[in-house]
There are 2 protein chains.
Amino acid sequence: MEEGAFCINGLSRLLYFCSRMSNKPTLFTSLSPALLHLYDLSNSIVVIIDVFRATSTIASALHNGARCVIPVDSVPKAIEISKNIGGIAAGERDGMIAEGLQHGNSPLEYTRDFIENKTLVLTTTNGTRLLQMALDRNADTIISGSFPNLSAVCDFILSEKKNVVLGCAGWKDRFNLEDTLFAGAVIHRVAKHFTVHCDSSLMAETMYAKNKNKLVEFAPKLTHYHRLVERFGLIEDIKFCLTPDLANVLPLYNDGKLVAQ
Amino acid sequence: MEEGAFCINGLSRLLYFCSRMSNKPTLFTSLSPALLHLYDLSNSIVVIIDVFRATSTIASALHNGARCVIPVDSVPKAIEISKNIGGIAAGERDGMIAEGLQHGNSPLEYTRDFIENKTLVLTTTNGTRLLQMALDRNADTIISGSFPNLSAVCDFILSEKKNVVLGCAGWKDRFNLEDTLFAGAVIHRVAKHFTVHCDSSLMAETMYAKNKNKLVEFAPKLTHYHRLVERFGLIEDIKFCLTPDLANVLPLYNDGKLVAQ
């Protein structure tokens, strides 16, 4: 028993120092906007993750030909900007289309017929707020990710070879599992190219690996599922948001806009 | 597929509304002190969890006959109070015995020979700070828990029939897995007596259930393990902190002191 413990200990020490000695970039997972201040964003790519539904909707709109998505933090701002530029004002508050707007935060609303060559001005409860926080904290690069654009996110962070912070938007600062599962999916694919020394990332990858073949079946256990499905019947939204690569674009933030790369 | 989804959806809806209709108390898990403000503590038992090592040390000292443990937030305060009452000043900063103190935060230091009938005045990096936050937010009842007193914690919260917030101390506001695993162990035992509608709790219970028979073997994956074992060689501390019921007392906070019930 003592000898076994010593072996584990020795191996772990070796791995730990090897990773410390390596020149791999780091990868951290921030489980809530209220924890984002713990991470140095100034030399990192920050992945904004709001699976239900902002970052799924952003991927959907851009994949279907939207010129860009302008994330804003209030309904009046969404209305004003969309008027000025002839865009589509859209957004939700507490899961519903926000008062004063005609379009909400469902990825299925933004078909090619509707959104191609238009600009979407989007305000949401959690995702747009987290993006603003990353901006305020001088993130080096900001992209957005969800299952529908999982491969595009992984390809980008692998090609850039920079530090990464996976930023979960959560729900009003509370931890949620759908964002964590997406962080886990990214880590599952890219971990060997990064130094990942962070319990949040270990947990996220473990939760994803355990559920990766049954994400839609797992969804009814999630708090947010009840908000969206029990109250608003949005099961098709849930399926879209949890399915990899249905809208495989890379939304990159630059000068106030998310544009497909 | 659609039919299956409908069945899951229908069952989930039923379970959800049943739990909402029940009179069971609620149970939430706060994954970091930086998230504690999201929970209403004023009508809840708050379980302070700092597995490596404050709440393991508290259980150890009280189990071995300490009169009480006085948690304080600074080294000078620990020295002053212990002088006034003839107690033992102890504590750590960043995993080491704090400067100016003779005793640290190892549960193995507090044998019966040493601590019986004495008062321990303890200051630690994370645990004592979280306890102060719970006090400031008017927690109804404060207890402390770790694996060495798992059963005592579960028995108490089952007998009280009040709402519960499991408060993970983390590491300088970062999420850590050892505290989450203990929260999961509590949930694993008591869940059916509570309304648990919280992704943090679902995740904690899942992580615990997956690792419950190999906690010590899992430990080398934890960030904090490296801090304690690689730097300070504290493998025996780790084993103690992760073993259920080695010091099965219930530390209840009252009037500045944690006393065994």
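**Two copies and an axis**

Guide: Chain B can be laid on chain A with an RMSD of 0.0 Å, by a turn of 180° and a shift of 0.0 Å along the axis. The two copies are thus related as by a two-fold rotation axis. Keep in mind that this is a predicted model.

Visitor: Which residue of chain B comes closest to the rotation axis?
Guide: That is A34(B), with its C-alpha at 3.3 Å from the axis.

Visitor: What share of the contact residues of chain B recur in chain A?
Guide: 100% of them. The same surface serves both copies.

Visitor: How many residues does the contact take from each chain?
Guide: It takes 34 residues from chain B and 34 residues from chain A. On the side of chain B that touches chain A, helix 1 (2-21), helix 8 (199-211) and helix 10 (223-232) of chain B each supply at least two residues.

Visitor: Which helix gives the most there?
Guide: Helix 8 of chain B, with seven residues.

Visitor: And what classes of residue are on that side of chain B?
Guide: There are 17 nonpolar, nine polar and eight charged residues.

Visitor: New topic. What is chain A built from?
Guide: Its secondary structure comes to 11 helices and 10 strands. The C-alpha trace of chain A spans about 70 × 40 × 30 Å along its principal axes.

Visitor: How does its radius of gyration fit a compact globule?
Guide: It agrees: a compact globule of 261 residues would have a radius near 18 Å, and chain A has 19 Å. Buried residues make up 53% of chain A.

Visitor: Which strand does strand 3 of chain A pair with?
Guide: Strand 6 (residues 119-123) of chain A, in the parallel sense, over four bridges. The bridge partner of I70(A) in strand 6 of chain A is V121(A).

Visitor: Where do the residues of strand 3 point?
Guide: In strand 3 (residues 68-71) of chain A, C68(A) and I70(A) point one way. V69(A) and P71(A) point the other way, and all are buried. In a regular strand the side chains alternate between the two faces of the sheet.

Visitor: Is helix 7 of chain A largely enclosed or exposed?
Guide: Helix 7 of chain A is largely enclosed by the rest of the structure, because 11 of its 14 residues are buried. Among them are L177(A), F182(A) and I187(A).

Visitor: What does that helix reach, end to end?
Guide: Helix 7 (residues 177-190) of chain A reaches 20 Å from its first C-alpha to its last. That is close to the 20 Å expected at 1.5 Å a residue.

Notes. Residues are numbered from 1 along each chain as its sequence is written. Chains are lettered from A and ligands numbered from 1 in the order in which they are written. This is a predicted model: local features need pLDDT of at least 70, side-chain atom pairs count only at pLDDT 80 or more; totals for chains, interfaces and linings use all residues. A residue is buried if 20 or more other C-beta atoms lie within 10 Å of its own, exposed if 12 or fewer, and partly exposed in between; C-beta atoms are placed from the backbone. Two strands pair if DSSP finds at least two bridges between them. Two residues are in contact if their C-beta atoms, placed from the backbone, lie within 7 Å. Ala, Val, Leu, Ile, Met, Phe, Trp, Tyr, Cys and Pro count as nonpolar, Asp, Glu, Lys and Arg as charged, and the others, Gly among them, as polar. The expected span of a helix is 1.5 Å times one less than its number of residues. Copies are superposed by least squares on the C-alpha atoms of residues with pLDDT of at least 70 in both. The radius of gyration is taken over C-alpha atoms; the globule rule is 2.2 Å times the number of residues to the power 0.38.
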